[in-house]
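Good morning, and thank you for making time on the agenda.

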Amino acid sequence: MEDILNRLDQKFYVQARYVQRPNLAFVTLKKNVAVQAITYLRDVEGFRHLVMISAVDYIEQNMFQLTYILHNYQLHSDIAVRVELDRENPVMDSLHHLWAAAQVYQREIKEMFGIDFPGSPRVDEPMILEGWDNIPPMRKEFDTKKYSEETYFPREGRASCDPVKIMEKKLYRVEAEVKYEIKRVVRDNRNKSADAN
Amino acid sequence: MSLKDVLSPFSAWKRTLEKPFTIKKPITEREGEDRYRGFHVNDIEKCIGCGTCEEICQNEAIDMVESYPITANKGDSGLRPQIDYGRCCWCALCVDVCPTGSLGMSNDYIWVTPNPDEWVFKPGIDEKEWKDDDKGYRRTEEAWLLDPEQEPMPVLEPEVRKNTFKEMAKGYQVTMALEEASRCLECGICIEACPTHMDIPEYIRAIRENRLEDGLKILYDTNPFSESCGRVCTARCQDVCVLGHNGEPIAIRWLKRYITDNTYEKRNEILGIGKPLPESDKKIVIIGGGPSGLTAAFYLRNYGYQITIYEKHDKLGGMLRYGIPEYRLPKEVLDREIKTILDTGVEVKYKVEVGKDVSLKELQETYDAVFISVGAQKGTEMPIEGMDTLGVLIGVDFLDRIAEGERPDLGEKVIVVGGGNTAMDVCRSSVRLGAKEVQVLYRRTEQEMPANDEEIEEAKEEGVKFEFLTSPVKISRKGDKLQVECIRMKLGEPDSSGRRRPVAIEGSNYVIEADTCVMAIGQKVDSEMAQQANIKTTRWGTFDIDPTTLQTNVKNVFAGGDCGFGPDDAIRAIADGKKAAYFINKFLTKKGEPLID
């Protein structure tokens with residue numbers, strides 16, 4: 001594995017590498033050499049199978065990270081190629097000419113993260129989010145809860161109780177009344193003295 | 001498109017004559033894996049309705065609802081989770097967080113009903129096929145999302161503290177307090193257990209958010225003795241803490257202490273004490289300046305009444321001063337806390353004993369209302385021969401003398417009789433006074449001991465020996481030693497308190513030699529003053545009061561604390577003081593109307 005990575009480094013300059021176990025390594029490459037490097041891995045080093053493509057939104061670092069996992073059947077080894085994209089300009093070269101299956105991943109990533117792959121077939125068509133009218137939902141700034149509250153309605157008749165309130169009501173009604181009244185008096189005095197200052 | 005692409009679909013035909021993999025109808029149910037996450041199960045006896053599952057559920061699938069036949073009780077809200085399976089995503093966070101470990105998931109996953117409302121149900125309560133399934137997902141120790149361990153309190157080592165009355169617990173540092181506060185789940189089950197119902201989750205949140213001034217204000221809403229309670233409270237809240245079911249409860253008492261330790265220098269300023277309060281021309285007298293009386297004074301001052309306290313000692317604090325040794329509650333701490341209460345403008349008459357120096361009748365007639373909080377300060381004597389022998393002491397009197405600064409010589413060997421917190425204070429004080437051997441005699445077993453476990457543990461660390469199932473029957477003096485004759489006991493049938501009654505074993509008498517013997521078997525109320533104003537008392541000598549309003553048969557006289565309900569802890573007395581303030585105000589403002597609906 002180290003040899004393959006060294007050869008890869010000589011040709012394309014590996015920015016970062018991490019060998020997790022003898023048959024799995026992660027390498028980070030520059031965006032402009034990534035497709036060339038993947039082509040090299042496929043055609044020269046025997047990583048013929050595209051396992052998958054995934055994306056992560058690192059909003060704090062203002063970037064998207066793409067990961068291409070490639071598999072070599074002879075060596076039973078995987079190399080994961082990582083590419084970092086500027087979040088302001090999320091465009092990446094398409095891989096569909098290398099593996100036709102890539103177009104599905106790319107279409108999905110476009111839909112979920114808004115990362116564009118110009119030239120990839122049907123990349124702009126919705127895959128599962130028909131009629132989606134919001135920002136791509138896997139982006140970190142998408143507020144799932146807010147969206148669901150605005151879009152859907154809760155089941156009727158649902159209600160929940162607060163353990164504290166129910167115990168007040170059932171177990172110490174008078175004492176709870178004492179507590180709140182005393183608290184009110186003490187706080188009123190405190191607020192008045194604060195206002196007087 | 002190549003020729004292969006065209007032909008390959010037809011390769012499926014080669015299986016035409018093979019046995020199919022599909023399952024015949026009616027579908028035979030296949031059992032899920034042993035750790036499959038299917039429909040929930042809930043052990044409703046274990047569940048205490050804390051609502052943590054509801055809190056963690058990201059899909060808002062869980063509601064806490066009242067669930068017949070479960071009802072609210074000490075340490076149990078009586079609520080049980082109800083799950084909306086239209087929202088549940090089977091993530092099992094609710095199971096992984098459950099503090100009691102009651103919630104789990106069965107491996108049952110096949111169930112269907114056409115009625116959408118049936119998809120909302122209460123696991124463990126509603127009858128379902130999988131209700132008692134053992135298989136399925138349960139949380140494991142590694143997956144538990146909570147931290148079961150309490151942040152340890154730094155204390156003086158046993159060898160050091162044995163020789164000094166210096167405070168034993170040193171108090172939390174900031175990182176410790178944050179660590180401990182972050183364990184709190186804010187379920188609020190503890191609030192009910194506290195006699196004065198302090199807003200525990202609220203002040204713990206204040207610690208976590210580093211708003212200690214707010215924290216102090218929250219404490220004083222319900223308890224003007226927070227600094228003392230932060231040290232010596234019996235912490236009934238911790239007994240019901242939800243984390244205590246599978247680990248150690250939150251150190252609520254130490255967190256409270258942390259707030260006061262870090263704010264006491266600016267306390268009056270933070271609480272606005274010393275600033276003008278509403279003024280009423282009504283006058284109230286409080287008899288006895290212990291935790292109950294002073295709490296009543298504090299809150300009644302907030303209502304605007306003019307308060308006079310009659311105190312028979314030359315200092316205030318009652319049992320907090322005279323019953324609790326310095327190593328648990330330094331006098332300096334108590335003094336500054338009492339000062340805060342007096343700074344609201346309270347008049348105190350020291351060294352006046354109501355009933356002797358001034359009559360209760362006179363006070364009852366001169367003042368608009370009276371609150372009696374004289375406590376239970378008389379130690380109970382054992383009805384055995386030789387109680388008046390030289391070297392036999394009464395527990396509360398002994399502690400009283402130590403509080404006054406005396407350091408009596410107890411000799412080499414001290415015997416302490418009793419199993420309550422007073423007995424623990426006595427035996428641990430004896431160690432500090434230099435006794436070489438201290439032995440506690442208790443007539444039941446360790447399990448029945450009313451003293452706090454922590455106190456028992458610490459006494460053992462300090463070298464105190466315990467002897468259970470034994471009771472003295474006779475004390476005499478031989479030369480310069482006491483001869484304490486004891487008899488062995490065994491446990492019989494449970495009595496009215498639910499504890500098993502100790503029964504003497506005939507002929508098992510034996511003698512222990514000692515230099516001093518301290519009786520710490522209980523306290524009594526001195527309610528002699530009651531008859532001066534025709535106030536009824538009970539057969540235990542406590543004032544006969546309405547347990548809700550604390551009012552006696554004489555309308556403007558109220559009583560509470562130990563003298564109202566019998567000997568108990570400080571927090572109970574504080575709660576009574578607060579309650580008295582409320583009902584006395586109600587009595588004075590709504591003349592003639594009943595105090596409760």
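Predicted model: local features only at pLDDT ≥ 70, side-chain atom pairs only at ≥ 80, totals over all residues.

Let me start with chain A, whose secondary structure comes to 6 helices and 5 strands. Read along the sequence, these elements follow the pattern α-β-β-α-β-β-β-α-α-α-α. For the complex, the predictor gives an ipTM of 0.87 and a pTM of 0.83.

How is chain A divided into domains? The assignment gives domain 1, residues 2–144, and domain 2, residues 163–196. The centres of domain 1 and domain 2 of chain A, taken over C-alpha atoms, are separated by 59 Å. The overall dimensions of the chain may be read alongside that separation. The C-alpha trace of chain A spans about 80 × 40 × 40 Å along its principal axes. Its radius of gyration is 28 Å, whereas a compact globule of 197 residues would have one near 16 Å. Of the 197 residues of chain A, 23% count as buried. Among contacts in chain A between residues at least 6 apart in sequence, 47% join residues at least 24 apart.

I turn now to the strands of chain A. Strand 1, residues 16–21, and strand 2 of chain A run antiparallel and are joined by 5 bridges. These two strands form a hairpin, with 2 residues between them. Within this pairing, A:Ala16 stands opposite A:Thr28 in strand 2. Strand 2 of chain A also pairs with strand 5, residues 77–86, this time in the parallel sense and over 6 bridges. Here the bridge partner of A:Ala25 is A:Ile79 in strand 5 of chain A.

Which residues of strand 2 of chain A lie on its covered face, and which on its uncovered one? In a regular strand, side chains alternate between the two faces of the sheet. In strand 2 of chain A, residues 24–29, the covered face holds A:Ala25, A:Val27 and A:Leu29. The uncovered face holds A:Leu24, A:Phe26 and A:Thr28.

Let us move to chain B. There are 21 helices and 21 strands in this chain. Its domain assignment gives domain 1 (25–145), domain 2 (158–271), domain 3 (283–376 + 528–589) and domain 4 (379–523). The centres of domain 1 and domain 4 of chain B, taken over C-alpha atoms, are separated by 51 Å. Along its principal axes, the C-alpha trace of chain B spans about 115 × 65 × 45 Å. Of its 597 residues, 48% count as buried. Of the contacts in chain B with a separation of 6 or more, 73% are between residues 24 or more positions apart.

As to confidence, chain B averages a pLDDT of 92, and 99% of the residues score at least 70. Confidence in chain B is lowest in helix 1, residues 3–7, at a mean of 83, and highest in helix 7, at 97.

One strand pair in chain B deserves a moment. Strand 15, residues 470–478, and strand 16, residues 481–494, run antiparallel with 8 bridges between them. B:Lys474 has B:Glu485 in strand 16 as its bridge partner. The two strands form a hairpin with 2 residues between them, and B:Gly479 in the turn has a positive phi of about 65 degrees.

Finally, I come to how the chains meet. In the model, 27 residues of chain A are in contact with 37 residues of chain B. On the side of chain A that touches chain B, helix 5 (163–171) and helix 6 each supply at least two residues. The largest share, 15 residues, comes from helix 6 of chain A. By class, this side of chain A has 16 nonpolar, 3 polar and 8 charged residues.

Why is helix 8 of chain B described as largely enclosed by the rest of the structure? The reason is that 9 of the 11 residues of this helix, residues 212–222, are buried. Among them are B:Leu212, B:Leu216, B:Ile218 and B:Tyr220, and B:Lys217 and B:Asp221 are also included. What covers these buried residues includes helix 6 (173–196) of chain A. From chain B, the cover includes helix 7 (200–208), helix 9 (226–232), helix 11 (252–261), helix 12 (267–271) and helix 21 (570–589).

Methods. Residues numbered from 1 in each chain as written. Chains lettered and ligands numbered in written order. Domains from an automatic or database assignment. Buried ≥ 20, exposed ≤ 12 C-beta atoms within 10 Å, placed from the backbone. Helix = DSSP H or I, 4+ residues; strand = E, 2+ residues; numbered from the N terminus. Contact = placed C-beta atoms within 7 Å. Rg over C-alpha atoms; globule rule 2.2 N^0.38 Å. Nonpolar A, V, L, I, M, F, W, Y, C, P; charged D, E, K, R; others polar. pLDDT = per-residue confidence, 0-100. Pairing = 2+ DSSP bridges.
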